[in-house]
Amino acid sequence: MTTTAPISNALTARRTIPALLAWLTCLCLALPLRAEPIDELAESLQIDAMIEVMRVEGMAYGAELAEEMIPGGSNSAWQELLDQIYDAEKMRTIVRQGFAEVIEDSDPAPLIAFFSSDLGQKIITLELEARRAMIDDAVEEAARQAYLEIKGSEDPRLDQLRRFVDVNDLLETNVTGALNASFRFYSGLVDGGGLQLAEGDILADVWSQEEETREDTREWLFAYLLLAYEPLEDEELEAYIALSETTQGKALNRALFAGFNAMYDEISYALGLAASRQMQQQDL
């Protein structure tokens, strides 16, 4: 549901060093959404607000990237690049296009009804608040620790979250998204001249990260979900799981992943390209 793609993107942005965010290359304009109900659904999901959170995450991660890869760290030129890269309107264009292309063949009415309700808006707000909070490293660490303390137990809430993750295929889909973004970042570095690697070598390096990425993804994912849904009653979370199991819920899940993963693929390549150019300029 709404947590699926955003979670993928958080892990890509903050946990996979090569999978960093931004784009400088030209972006095609998205086709206009053809159906007003799709706009209504996007609004009820507060997709624009999530993109704003992702922009903050990306800017913070871009600063971390500079410290790791660019001699001298971040500078005004790099910050200007990040501003261009994390342009909220460009991010929104890609997400909306990918989202609309997948969801347009599904009946959005049940989804609009759920997410426009008091419970639906409560869930969306909790997801956004947890995502914002976990930008703070201390909050993220505390959330991870809270998960580790009950990991492997029969805690009732953890059991609900396991079912939620399974129904939405959150773990494997997020791992795939993170690895794809990593590949795109490497490709940007190579195309920008900052790294010399054949495509086969890039693939080998990316796949060597698979298990580590999966474990980190699992920990982040459950930490986030525990934090976000802590205020929900069990029956409220059950209602969300039930929606996830419907045909419309599964279509929404695919649409969110399609939109946000397309955005992060573009961003990852462009940030790799930008980083490679900054590295070379510093070497001159």
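Is Glu 57 buried or exposed? Glu 57 is buried, with a relative accessible area of 1%; buried stands for under 20% relative accessible area, exposed for over 50% and partly exposed for the range in between, using a 1.4 Å probe and protein chains only. The model is predicted, so local features need pLDDT of at least 70 and side-chain atom pairs count only at pLDDT 80 or more, while totals for chains, interfaces and linings use all residues. Residues are numbered from 1 along each chain as its sequence is written, and side-chain values use heavy atoms, with hydrogens and water left out. Helices are DSSP runs of H or I with at least four residues, numbered from the N terminus. The points below cover salt bridges, helix packing and individual residues.

**Salt bridges**

- The count of salt bridges comes to 18, a salt bridge being a side-chain nitrogen of Lys or Arg within 4 Å of a carboxyl oxygen of Asp or Glu.
- Glu 57 forms a salt bridge with Arg 131, and the closest N and O atoms are 2.4 Å apart.
- This pair links distant parts of the chain, with Arg 131 in helix H7 (residues 118–133) and Glu 57 in helix H3, 74 residues apart.
- Arg 131 is buried, at a relative accessible area of 0%.
- Glu 172 and Arg 214 meet through their side chains in a salt bridge of 2.9 Å, N to O.
- Here too distant parts of the chain are linked: Glu 172 belongs to helix H10 and Arg 214 to helix H12 (residues 210–229), 42 residues apart.
- Glu 172 is partly exposed at 33% relative accessibility, whereas Arg 214 is buried, with a relative accessible area of 12%.
- Salt bridges with shared partners join Asp 39, Asp 48, Glu 52, Glu 89, Arg 92 and Arg 96 into one network.
- Within that network, the side chains of Glu 52 and Arg 92 form a salt bridge at 3.8 Å, N to O.
- Glu 52 is partly exposed, with a relative accessible area of 37%, while Arg 92 counts as buried at 15% relative accessibility.

**Packing of H2 and H6**

- H2 and helix H6 (residues 109–116) pack at an angle of about 30°, and their axes are 9 Å apart; axes are lines fitted to C-alpha atoms, for helices over the stretch in contact, and angles run from 0 to 180 degrees between N-to-C directions.
- H2 and H6 are therefore roughly parallel to each other, the terms being roughly parallel for angles under 35 degrees, roughly antiparallel over 145, roughly perpendicular from 65 to 115 and oblique for the rest.
- The H2 and H6 crossing is left-handed, meaning that the near helix is turned anticlockwise from the far one by less than a right angle.
- On the H2 side, Pro 37, Glu 40, Leu 41 and Ser 44 meet Leu 111, Ile 112, Phe 115 and Ser 116 of H6, where contact means heavy atoms within 4.5 Å.
- By class, the residues of the contact of H2 with H6 are 5 nonpolar, 2 polar and 1 charged; Ala, Val, Leu, Ile, Met, Phe, Trp, Tyr, Cys and Pro count as nonpolar, Asp, Glu, Lys and Arg as charged, and the others, Gly among them, as polar.

**Packing of H9 and H13**

- The axes of H9 and helix H13 (residues 234–245) come within 9 Å and cross at roughly 15°.
- That angle makes H9 roughly parallel to H13.
- H9 passes H13 in a left-handed crossing.
- Residues of H9 that meet H13 include Arg 157, Leu 161, Phe 164 and Val 167, and the H13 residues they face as a group include Leu 237, Tyr 240 and Ile 241.
- The contact of H9 with H13 has 6 nonpolar, 3 polar and 5 charged residues.

**Individual residues**

- Ser 44 is placed in helix H2 (residues 36–44) and is buried, with a relative accessible area of 5%.
- Apart from neighbours within four places in sequence, Ser 44 is in contact with Phe 115, Ser 116, Gln 121 and Ile 124.
- Gln 46 lies in the loop between H2 and helix H3 (47–69) and has a positive phi of about 55° although it is not a glycine.
- Gln 46 is partly exposed, with a relative accessible area of 21%.
- Asp 169 is found in the loop between helix H9 (156–168) and helix H10 (170–191), and its phi is near 50°, a positive value in a residue other than glycine.
- Asp 169 is partly exposed, with a relative accessible area of 40%.

How values were computed: Helix = DSSP H or I, 4+ residues; strand = E, 2+ residues; numbered from the N terminus.
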